[in-house]
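Here's a walk through one model, strand by strand. Have the viewer open and follow along.

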Amino acid sequence: DADNIIGGDWSADGDIVFGTFGSGLRRVPASGGTPETFTTPDTGRGESSHRRPQLLPGGRILFQVRGTAERAGIYATSLAKPREAVRLVATGVNGLYAAGHLLWLRGSTLVAQPFDPDSFQLSGEPRPVADSVGTNPQAGMVASASAAQGGLLVHGRREGSQLTWLDHPARAAPSDKRPLGPMGYHSRFRI
């Protein structure tokens, strides 16, 4: 049912991967067919759903687990071995991958930390890249941010409907700030 889909991504080889409300991640060929479930929440351990998948290089996937504080977080797994999921960050908000970094919210600050999608290893320390980033609680505590693989980021601010553009690597360039119409402004940053 399309009303139950919570996030999705389309692979270069033609699979669509999506999360569902109250269930696991599924995939279906872009040409059509019956969706195949490839992750299942462990309800006995406090997981309620797997959602907001983002395909990573090398047949890997980043996704959000909703559930108890002991289980909620940003996870990564291989499409070939989805039962071996690794929790990267304990959080109630989704994560994003761009330009070799995992991004997520700490409070209302979007942070970035170097991330190797092959080994599922974070390195260094998280670094703030944007402040006052909003969330959408009606969408399941999703960060109001999106990232392109090349490092371009866009996010909504907490105070109002302002969008901010970020590119790789994130350094403020206030002279580049200009209106985006009724939705707000964009600025260039570098990670």
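We'll start with a loop, move on to a sheet, and finish with a group of paired strands. Keep in mind that this is a predicted model.

Let's begin with Ser11. You'll find Ser11 in the loop between β1 (5–10) and β2 (15–20). Is this residue buried or exposed? Ser11 has a relative accessibility of 14%, and because the cut-off for buried is under 20%, Ser11 counts as buried.

Strands of a sheet pair through backbone hydrogen bonds, and they can do so either parallel or antiparallel. Here, four strands make up an open sheet in the order β5-β6-β7-β8, and the pairing is antiparallel. Which strands sit at the edges? Those are β5 (47–56) and β8 (86–89), each of which pairs on one side only. Going from one strand to the next, the twist averages 35°.

Zoom in on β6 and β7 of that sheet. Strand β6 covers residues 60–67 and strand β7 covers residues 73–78; the two run antiparallel and are joined by six bridges. To find your way across this pair, look for Phe63, which stands opposite Tyr75 in β7.

Strand β10 (residues 101–106) and strand β11 (residues 109–116) run antiparallel, with six bridges between them. Leu105 stands opposite Leu110 in β11. The hairpin of β10 and β11 has two residues between the strands, and Gly107 in this hairpin takes a positive phi near 65°.

What else does β11 pair with? One answer is strand β12 (residues 121–122), which pairs with β11 in the antiparallel sense over two bridges. Asp116 has Gln121 in β12 as its bridge partner.

Key
Residues are numbered from 1 along each chain as its sequence is written. This is a predicted model: local features need pLDDT of at least 70, side-chain atom pairs count only at pLDDT 80 or more; totals for chains, interfaces and linings use all residues. Side-chain values use heavy atoms; hydrogens and water are left out. Two strands pair if DSSP finds at least two bridges between them. Axes are lines fitted to C-alpha atoms, for helices over the stretch in contact, and angles run from 0 to 180 degrees between N-to-C directions. Buried means under 20% relative accessible area, exposed over 50%, partly exposed in between (1.4 Å probe, protein chains only).
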